Number of protein chains: 2
Amino acid sequence: MENPQSDIFLIAPGVRRSHGKSTLADVAAQAGVTTMTVSRLLREPNSVKPETAERIRQALTATGYTPNKQAGSLASGRSALVAVLIPSVANSIFAETIQGLAETLQPAGLELMLAPSGYSHEREENQLRAMLGWAPAAVVVTGRQHSAGSLQLLRSAREAGTPVIEMWDNEPQTAEFTQIGFNHHQAGQAMARHLLHCGYTDLMFLDSSVVQDYRAHERGLGFVQAAEQAGVEVRIQTAQLGEPMAAGRAMLQGLLQPSRPLAIGFANDHLAVGALLQACDFGLAVPQQLALLGFGDFPIAGQLMGGLSTLAAPRHLIGLECGRSILNSLNIKIRSSETSLEPVCLEPKLMIRHTTKLF
Amino acid sequence: MENPQSDIFLIAPGVRRSHGKSTLADVAAQAGVTTMTVSRLLREPNSVKPETAERIRQALTATGYTPNKQAGSLASGRSALVAVLIPSVANSIFAETIQGLAETLQPAGLELMLAPSGYSHEREENQLRAMLGWAPAAVVVTGRQHSAGSLQLLRSAREAGTPVIEMWDNEPQTAEFTQIGFNHHQAGQAMARHLLHCGYTDLMFLDSSVVQDYRAHERGLGFVQAAEQAGVEVRIQTAQLGEPMAAGRAMLQGLLQPSRPLAIGFANDHLAVGALLQACDFGLAVPQQLALLGFGDFPIAGQLMGGLSTLAAPRHLIGLECGRSILNSLNIKIRSSETSLEPVCLEPKLMIRHTTKLF
DNA sequence: ATGAAAGCGCTAACAT
DNA sequence: ATGTTAGCGCTTTCAT
């Protein structure tokens, strides 16, 4: 594109090699102004005289200038990065949340820095530490359970004025940060209550095999609690490791033929789909003999043989809300120095389809 | 949250507010060394005397030091960021690729910067421009079709020594950058050939509704071409907008009852699953009357009523390979036992299950 | 094995 | 509306 310059006398001791990219100084020189004027044009276009602006714009395109964000952030102490920590990208639940986040943040010029923690607290802490080194404009973590170290990092980030959001969970009593999500214990209760309301008297919950997925476990506990309170027989079982649909199938294969109608709640729709498919293969009467209630409302749930009943989690909405909350916090900080810590609660919705029915 | 500072005598002309975080200088002062020694310890621990190292380590934890990466990158001209551009995070295809990338890059200390382009060339260019401002250590884009501006950005990045990878595609003849993927035209051909080999003489391809998903379209073209070469009747149809499974169902609903067996290839497994479910509802004989061949090998494919035949795309492997290629370019050694740089086969594999059969 | 000096590219604060 | 100056926190280069 452009050769920097070759004036020998410019090379002095202590000089560093530049990577050949054009800088603000290059643009300024070419436009006959100082770097400050160019910098201003880039950030507050109205504060520059139209004629000067025009000259600078030409120089900008002529040099093919790309702002160096490291330098900008270092100087301003701000960055347009949002750090997002999720257990797994490959999980459809979180994928849509990220999509929602991206949709909200990108138009505002904020960039996404993503780190999967693999459901491990230790990795979360490491990732968090690394990301905080970039002085992000905001931090989003998944869930409310963190290692002591992570907690400390999050606290000091918040104290430094960085919005911190815990998403996919909600427990207002102990909330230390903004929470955008819902209560999983209550979600589990709601699942059990629906099955009870349908009239089933033998309940079961198939929990996720991911040991660290405490949100799934909490749903299971809520499920069991609600069933016990109703005086109904209930048990909980953990899915086998591996692909969830296969695990759902396997669970049903291992089940004894029940003498009376059985209703199963699942940690997620994939497990439920597996079980449903196996039930069909077995020729079990769904929902008369066997009721199935998933969690998540993945696309497949609405399509499968009459529809899988499920508790719909607002996976996309959570992302959107996180984004909105971040934009809000950042704006508020600029205008009034007031920070809102209002917890947002996004309740899951029961989708009653074919696999659970009043009868 | 926190009042900047109030020590009057610390305020000197030209002074900037520091965000209260401890810096290298703080650590150095506390350990009684200069910043350089601390900096060295952090990067090449062996070049520091053990006793000094110990003192510094204590100061490090005492101050709760977190390196400022902006400053580090600015000074060194390097960064540990990998910029990744994908059409959509919510698409299961790319989600697993990202997961693979993360798995490979994280242990090497590289961080992921993610931007969804929404299948738009314009957004891709904007995102690319923004990300390049962070001087990433490597750039990964999806596919080989880019706007002229993007192409220019990618070229200059590569010229500046930044590895550039195009993933999910492969066309060696015109390849300008490292490509990690497979040829979609050939994939489409392979799909048609399998159906022809099974004996079907009436073929159809259901293309993706996403206009900019040229990879899907290329598979469609390959499919049609292979069928025509075999002198077999073939047509191509575009799925309706919206949820893919619903679109797959809708397609089948709109189809006239065929007089002879029909074989359909799909742009992806979700479309195929929708069609398969609808076929069951219609009571069509699968695969005798209707053959279905998906693309992707999503988890559901293996579970659904005897299994959906599909062309398995190495979605996770592509991510892993991209990561490996980046580490390799950057001369980062992996501690993994296999040091083999042998070429890995990224060709999609035919999974013959129930929905296509020799008969 | 450690230090001193310079500067990466940009912006805040203070001129004018 | 534009310029001047200093400095963000770190690493390079060269010196000891």
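Mentor: Two strands pair if DSSP finds at least two bridges between them. Helices (H or I, at least four residues) and strands (E, at least two) are DSSP runs, numbered from the N terminus. This is a predicted model, in which local features need pLDDT of at least 70 and side-chain atom pairs count only at pLDDT 80 or more, while totals for chains, interfaces and linings use all residues. Residues are numbered from 1 along each chain as its sequence is written, and chains are lettered from A and ligands numbered from 1 in the order in which they are written.

Trainee: What makes β2 of chain A and β2(B) a pair, and in which sense do they run?

Mentor: The two strands share three bridges, and the definition asks for at least two, so they pair. Their sense is antiparallel. One of the bridges joins A:Leu112 to B:Leu114.

Trainee: In which sense do β3 and β4 of chain A pair?

Mentor: Strands β3 (138–142) and β4 (164–167) of chain A pair in the parallel sense, over four bridges. A:Thr142 has A:Met167 as its bridge partner. From β4(A), A:Val164 and A:Glu166 point one way and A:Ile165 and A:Met167 the other, and all are buried.

Trainee: Why is B:Met167 called buried?

Mentor: A residue is buried if 20 or more other C-beta atoms, placed from the backbone, lie within 10 Å of its own, exposed if 12 or fewer, and partly exposed in between. B:Met167 has 27 such atoms within 10 Å, and is therefore buried. B:Met167 lies in strand β4 of chain B.

Trainee: Which residues does B:Met167 touch?

Mentor: Two residues are in contact if their C-beta atoms, placed from the backbone, lie within 7 Å. Leaving aside residues up to four places away in sequence, the contacts of B:Met167 include B:Thr97, B:Val140, B:Ile180 and B:Cys322.

Trainee: How do you know that the span of α9 in chain B is close to the one expected?

Mentor: The expected span is 1.5 Å times one less than the number of residues. Helix α9 (214–229) of chain B has 16 residues, and its reach from first C-alpha to last is 22 Å, close to the expected 22 Å. Its buried residues, among them B:Phe223 and B:Val224, pack against elements of chain B including α8 and β6. Just after the helix, B:Gly231 takes a positive phi of about 70°.

Trainee: What makes chain A more spread out than a compact globule?

Mentor: The radius of gyration is taken over C-alpha atoms, and the globule rule is 2.2 Å times the number of residues to the power 0.38. Chain A comes to twelve helices and twelve strands. For its 359 residues the rule gives 21 Å, and the radius of gyration is 27 Å, well over that, so chain A is more spread out than a compact globule. Its C-alpha trace spans about 95 × 40 × 40 Å along the principal axes.
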